[in-house]
Amino acid sequence: MVLAAVMPAPRVPVEIREFPEPDLPTGGALLRTALSEVCGTDVHLWHGRLSGVPYPIIPGHVTTGTLHAIRGSLAATDGTALREGDRVAFFDVHRTCGRCPACTVHRTPTRCPSRRVYGITDSAADGLFGGWAQMVYLEPGVVVAKLPDAVTFESYIGGGCGLLTAVHIIERARLTLGDSVLIQGAGAVGLSAAVLARRAGAGTVMVIGAPADRLALAREMGADHVIDLDRTTVDDRLEKVRELTGGAGADVVVEAAGSARAFEEGVRQVRNGGAYVIAGHYTNVGDSTINVHEHINRKHLDIRGCWGSEVGHFLRALRALERYGAEVPWHRIGAATYGLDGLNDALAAAEAFKLPKALVDPWAG
Ligand SMILES: [Zn+2]
Ligand SMILES: [Zn+2]
């Protein structure tokens with residue numbers, strides 16, 4: 001039997017249940033979980049704030065471990081064979097159809113209606129489709145990649161879903177060498193966005209966030225300047241960013257805060273003709289109030305949404321971890337590790353923003 005932590009419904013305590021080890025179809029595999037995570041999405045799931053979630057679920061959408069069993073053969077995207085015992089990660093998004101208008105005409109596969117996500121839109125009734133479990137079922141077609149030798153389980157999961165989102169953010173930001181980049185939010189997404197903005201050629205990287213320990217980590221991860229959200233007013237921050245950008249405002253602003261007030265500030269922080277990438281509004285946090293003339297039209301502003309991630313973001317995230325993992329402390333984003341019986345505490349800590357991310361070791365305890 002396999003132990004898994006199940007979220008029966010929103011606002012109901014997570015409980016440990018036993019699942020049978022699945023019979024694998026040809027092309028299927030079973031992952032022995034090393035680490036999964038508790039991220040902001042899991043808190044939203046627990047609050048019932050995401051639509052279309054088929055509770056009960058086994059949360060944990062980003063997960064890494066070793067291949068325990070493969071039925072038939074399994075290959076990485078470049079065609080190389082994967083073997084039992086390999087250290088791997090898998091892309092949590094699966095069943096993207098490749099045929100619908102979103103996939104083919106609009107080229108926005110993250111908006112494919114068939115798309116499913118481990119730990120979020122897969123039900124526990126269907127089996128081991130989440131990382132808060134000792135084993136995860138990798139159905140045929142799921143993208144699996146070997147972890148590069150230099151990438152530890154801890155640094156992969158420290159980057160986790162926030163790193164994949166950050167890769168997508170950088171793509172949407174279309175940075176030009178020397179750009180000033182302002183990141184709103186010092187959570188797992190904002191921290192990885194700071195790392196990648198710097199590596200992508202940003203001239204100045206600024207992060208607005210709280211509390212102080214996260215801002216210290218933001219500095220270690222590549223921010224040139226940090227601004228404490230709790231100790232400043234909007235006007236203070238506008239003045240500070242103007243000061244750091246020659247009076248113009250930031251070339252690119254990244255919203256990774258998930259707050260309606262952040263958007264209202266962000267449109268003022270970006271320079272005339274600049275770009276604003278919105279990545280933090282993963283749930284509906286209510287309306288923002290802006291003056292369209294002043295903040296969009298007259299500014300000639302470019303506002304871009306950034307929803308979910310694609311296989312390419314997953315594979316590029318692995319390359320970034322391989323290349324920069326030795327100098328960037330991704331593993332420190334995962335501030336504490338919990339066993340399956342500690343996940344209600346982990347959710348409470350994440351809910352209270354006590355840590356950027358909790359790790360899950362389903363074999364602990
Ligand atoms: Zn599709
Ligand atoms: Zn996540």
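Visitor: In what sense do strand β3 and β4 pair?
Guide: Strand β3 (residues 29–38) pairs with β4 in the antiparallel sense, over 7 bridges. Two strands pair if DSSP finds at least two bridges between them. The names come from DSSP runs numbered from the N terminus: helices are H or I with at least four residues, and strands are E with at least two.

Visitor: Where do these values come from?
Guide: This is a predicted model, in which local features need pLDDT of at least 70 and side-chain atom pairs count only at pLDDT 80 or more, while totals for chains, interfaces and linings use all residues; side-chain values use heavy atoms, with hydrogens and water left out. Residues are numbered from 1 along each chain as its sequence is written, chains are lettered from A and ligands numbered from 1 in the order in which they are written.

Visitor: Back to β4. What is the bridge partner of arginine 32 there?
Guide: Threonine 66 in β4 is the bridge partner of arginine 32. β4 also pairs with strand β7 (residues 87–90), in the antiparallel sense over 3 bridges. In that pairing, glycine 65 stands opposite valine 88 of β7.

Visitor: How many residues of β4 are buried?
Guide: 6 of the 8 residues of β4 are buried, so the strand is largely enclosed by the rest of the structure. Buried means under 20% relative accessible area, exposed means over 50%, and partly exposed is in between (1.4 Å probe, protein chains only).

Visitor: Is histidine 61 buried or exposed? And cysteine 161, buried or exposed?
Guide: Histidine 61 counts as buried because its relative accessibility is 6%. Cysteine 161 also counts as buried, at 12%.

Visitor: Where do the axes of α3 and α9 cross, I mean at what angle?
Guide: The axes of α3 and helix α9 (residues 311–324) cross at roughly 120° and come within 9 Å. That makes α3 oblique to α9. Angles under 35 degrees count as roughly parallel, over 145 as roughly antiparallel, 65 to 115 as roughly perpendicular, and the rest as oblique. The axes are lines fitted to C-alpha atoms, for helices over the stretch in contact, and angles run from 0 to 180 degrees between N-to-C directions.

Visitor: Which residues make the contact?
Guide: Among them are Leu163, Leu164 and Val167 of α3, and Phe314, Leu318 and Leu321 of α9. Contact means heavy atoms within 4.5 Å.

Visitor: At what angle do α3 and α4 pack?
Guide: α3 and helix α4 (residues 188–199) pack at an angle of about 50°, with their axes 8 Å apart. They are therefore oblique to each other. The residues that meet include Gly162 and Ala166 in α3, and Ser192 and Ala193 in α4.

Visitor: What is the order of strands in the open sheet?
Guide: The open sheet of 6 strands runs β14-β13-β12-β15-β16-β17, with parallel pairing. β14 (225–228) and β17 (302–305) stand at the edges with a single partner strand each, so one side of each is left without a neighbour in the sheet. The twist from one strand to the next averages 15°. Strand β16 (residues 270–278) pairs with β17 over 4 bridges, and tyrosine 276 stands opposite isoleucine 303 in β17.

Visitor: What does valine 267 touch?
Guide: Valine 267 lies in helix α7 (residues 260–269). Leaving out residues up to four places away in sequence, valine 267 touches Tyr276, Ile290, His295, Lys299, Leu301 and Ile303. At 0% relative accessibility, valine 267 counts as buried.

Visitor: Last one. Which residues does a cis peptide bond join?
Guide: One such bond joins tyrosine 55 and proline 56, with omega about 0°. Another joins alanine 210 and proline 211, with omega about -10°. Proline 56 is in the loop between α1 and β4, and proline 211 is in the loop between β13 (204–209) and α5 (212–220).
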